[in-house]
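Here is a protein to look at together.

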Amino acid sequence: SHIAFMRQVMAPMKIQARFRELRAKRALLVHSSQRKSSTIIQKLGRGFLARVQKERALSAVTIIQRAARVMIARSHDDLVRNFAASEIQRIWRGFSVHVDFMLQVMAAMRIQASIRCFLKKKTLYRTARTAKMLQENDLVEDSVVKEASKTKPQTHQKQESRLESFPKISSESPEMNQDSPPRVIDAI
């Protein structure tokens, strides 16, 4: 009887314990499925945030690379432009100095030719005048005087053929005398 009493008292306790166990297992299953669901949701959320962050970082990197390439290209273009400008300036300065020098040389050659011509004419004029004075004194024959007055300076003729490309001497000037040298017309 004592055993039967114990069975009667213990039976509901066992049933209650078993029920609590099943309820706890169910709650655990529900809780674990909720936990799994929340873990999946968190995983998806973290993945989405990581992708957004990665896209932003890639976008920032692309923008920085583009800006760097533009800066490099501009600095390269500036270097090329500066080099080209300095080369053009260098060549132009050399050319202008060369042209100025050549104009000075041509002007000096013209002046020298004019002075040589003037001195030759002066010498011929003196020779002709001396010959005339001697003729008046009957010391020289007429043929020598005619020959001296016909002679032209040969150096001037040689220089004219050599200097045809240089600026021309104005020989039609009304104020030019026989005794004065020809003027040089500015070619500059």
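What percentage of the 188 residues of the protein count as buried? The answer is 10%. Keep in mind that this is a predicted model. Its accessible surface comes to about 16500 Å², and carbon and sulfur atoms make up 61% of that.

Now for the layout. The protein has three helices and two strands, and starting from the N terminus they run α-α-α-β-β.

Let's begin with helix 1, which covers residues 2–136. With 135 residues at 1.5 Å each, helix 1 should span 201 Å, and since its end C-alpha atoms lie 195 Å apart, the two values agree. Helix 1 does have a bend of about 30° at M10, with a proline, P12, following within four residues. Some of its residues are tucked away, too: M106, R110, A113, S114, C117 and A131 are buried in helix 1.

What about contacts along the chain?

Among the elements, helix 1 has the highest mean pLDDT, 89, while strand 1 (residues 169–170) has the lowest, 45. Residues 166–178 have a pLDDT below 50, and the model gives this stretch 21 contacts beyond near neighbours in sequence. Over residues 180–188 the pLDDT also stays under 50; here the model has 17 contacts beyond four places in sequence.

Key. Residues numbered from 1 in each chain as written. Predicted model: local features only at pLDDT ≥ 70, side-chain atom pairs only at ≥ 80, totals over all residues. Heavy atoms only, no water. Expected span 1.5 Å × (residues − 1). Bend = angle between axes of the 7 residues up to and from the residue. Buried < 20%, exposed > 50% of the residue type's maximum accessible area, 1.4 Å probe, protein only. pLDDT = per-residue confidence, 0-100. Contact = heavy atoms within 4.5 Å. Areas by Shrake-Rupley, 256 points an atom, 1.4 Å probe, with all protein chains shown as cover.
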